[in-house]
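Thanks for coming. I have one structure to go through today, and I will keep to the main points.

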Amino acid sequence: MSRMRRELPPTAGLPLRLPDLLPRRARFAAQLAGWLGVAQPQLECSGTAAMVVALHAMHRLRPQRDEVVVPAWTCPLVALAIHRAGLKLKLCDLAPGSIDMDAAQLRALCGPRTLAIVPTHLAGRVVDVPAAMAIARGCGAYVLEDAAQALGARSGGASVGLQGDAGFFSLAVGKGLTLYEGGVLIARDAVLREAFMASRREVIRSSLRWSLQRAAELLGYAVAYRPSLLYAVYGKPLREALAEGDPVAAVGDDFGPDIPLHPLGRWRQGVGTAAFARLPAFLDFTRKQALSRLDALRALPGVTVFDDAPGTQGAWPFLLLTLPTAAARDAALGTLWTAGLGVSRLFIHALPDYGYLRDIVPATELPNARDFAARSLTIGNSPWLRGDEFARIVDTLRRTLRG
Ligand SMILES: Cc1ncc(COP(=O)(O)O)c(C=O)c1O
């Protein structure tokens, strides 16, 4: 029999164990409340659903406002969520070489129609929420922190999502803790929390079909999320998509317009209850592993590695880097993307450049977001990525950069 092909994941997801899958009393929301330090975290079926529920509630509270400002380099699901909530998307370019929105442009984009600003903690890094809050307060908008990729990240000791008016996390596959799909919505203020619950009653509809499908997918994840089986479910489709010249499909950025909006089932909440017990130690391990690997990447000429801003402690699902040129990035990925080492890209395009979003995303000049999309790559931070494998990645990058 041929040896199983080793394939590492592009993000550090917490592996599930068989006992996690046994039915149990779900205490997941209460566990999250204690750990995040916020009352009544609201469980939803995805980060996207959490965003729809939040925006719907905010629009009910401030109905004269209908614009939502997001960074131009973010998950396409964000655009779909804003559209689903019946609102208009406004794109803010990134600051040069940064994942933060450009503050001057953000200020210029906000006004009496702005409902919410969405600072986005990409790659687990904590972005500048106080800057967004200052602008939002100046124009009467909310701040909704997109912490989809940042469960466990903290700023000044408090969880992300609590500096703004509200925030949400994703529990989608590959995130620190996954229920295959899932989302958590939080708010400091009781008025918003009540509004979120009212919004959920209006927006979320139970669906046996989705409950069963997600339960089956979570079972599949529990079985297949390991280096010996990831080739079949992740590596092979990835290579096929790349061979067809479809990087959007390769990273799973190809979303349909329908957003499932159903409750997060009890059984999956119970799985979250069991897996949660291992989450803090897992996040701690991945943080230490990431920090121990940053210097080797920083030593590469022209490479920027995204690290924690002062006073913040991010989460580390993967390492995000930019290479000096798009050509160097493409050359590096030519070798590394299909090497089975968990090297990948985050979002392939700035939002206007996804063909399927054309009708809902305004065509906008976004030089910095496009530059970031062209020069960035990610290195998965799974505990399975051994030191010698990480060294191979660094070595390949070094040789590529030498040209
Ligand atoms: C930045 C960002 N926002 C929102 C989402 C949507 O979350 P979900 O996949 O849980 O619907 C994602 C998903 O990965 C994301 O990366």
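This is a predicted model: local features need pLDDT of at least 70, side-chain atom pairs count only at pLDDT 80 or more; totals for chains, interfaces and linings use all residues.

Next, the domains. The protein chain is split into domain 1, residues 18-203, and domain 2, residues 276-402. Between the C-alpha centres of domain 1 and domain 2 the distance is 22 Å. Across the boundary, 33 residues of domain 1 are in contact with 34 residues of domain 2. On the domain 1 side, the elements giving two or more residues are helix H1 (28-36), H3, strand E3 (88-92) and E6. H3 gives the most there, with three residues. So much for the elements; by residue type, that side of domain 1 has 18 nonpolar, ten polar and five charged residues.

Now the packing. In soluble globular proteins, nonpolar side chains tend to be buried together. Here the largest nonpolar core has 118 residues, and those with the most contacts inside it are Ala 54, Leu 55, Val 68, Ala 116 and Ile 117. Which element supplies the largest share of this core? That is H2, with nine residues. Domain 1 and domain 2 each put at least three residues into this core.

Take Ile 117 as an example. Setting aside neighbours within four places in sequence, Ile 117 is in contact with Val 69, Leu 106, Cys 110, Ala 132, Ile 135, Ala 136, Ala 141 and Val 143. There is also a second, separate core of five residues, including Leu 230, Tyr 234, Leu 238 and Ala 250.

Last, one of the sheets. Three strands form an open sheet in the order E7-E6-E11, and the pairing is antiparallel. E7 (158-159) and E11 (312-313) are the edge strands, each pairing on one side only. E6, residues 154-155, is joined to E11 by two bridges. Within that pair, Ser 155 stands opposite Thr 312 of E11. E6 is also among the elements that give two or more residues to the side of domain 1 touching domain 2.

How values were computed. Residues are numbered from 1 along each chain as its sequence is written. Two strands pair if DSSP finds at least two bridges between them. Helices (H or I, at least four residues) and strands (E, at least two) are DSSP runs, numbered from the N terminus. A nonpolar core is a set of buried Ala, Val, Leu, Ile, Met, Phe, Trp, Tyr and Cys residues joined through C-beta atoms within 7 Å. A residue is buried if 20 or more other C-beta atoms lie within 10 Å of its own, exposed if 12 or fewer, and partly exposed in between; C-beta atoms are placed from the backbone. Domain bounds come from an automatic or database domain assignment. Two residues are in contact if their C-beta atoms, placed from the backbone, lie within 7 Å. Ala, Val, Leu, Ile, Met, Phe, Trp, Tyr, Cys and Pro count as nonpolar, Asp, Glu, Lys and Arg as charged, and the others, Gly among them, as polar.
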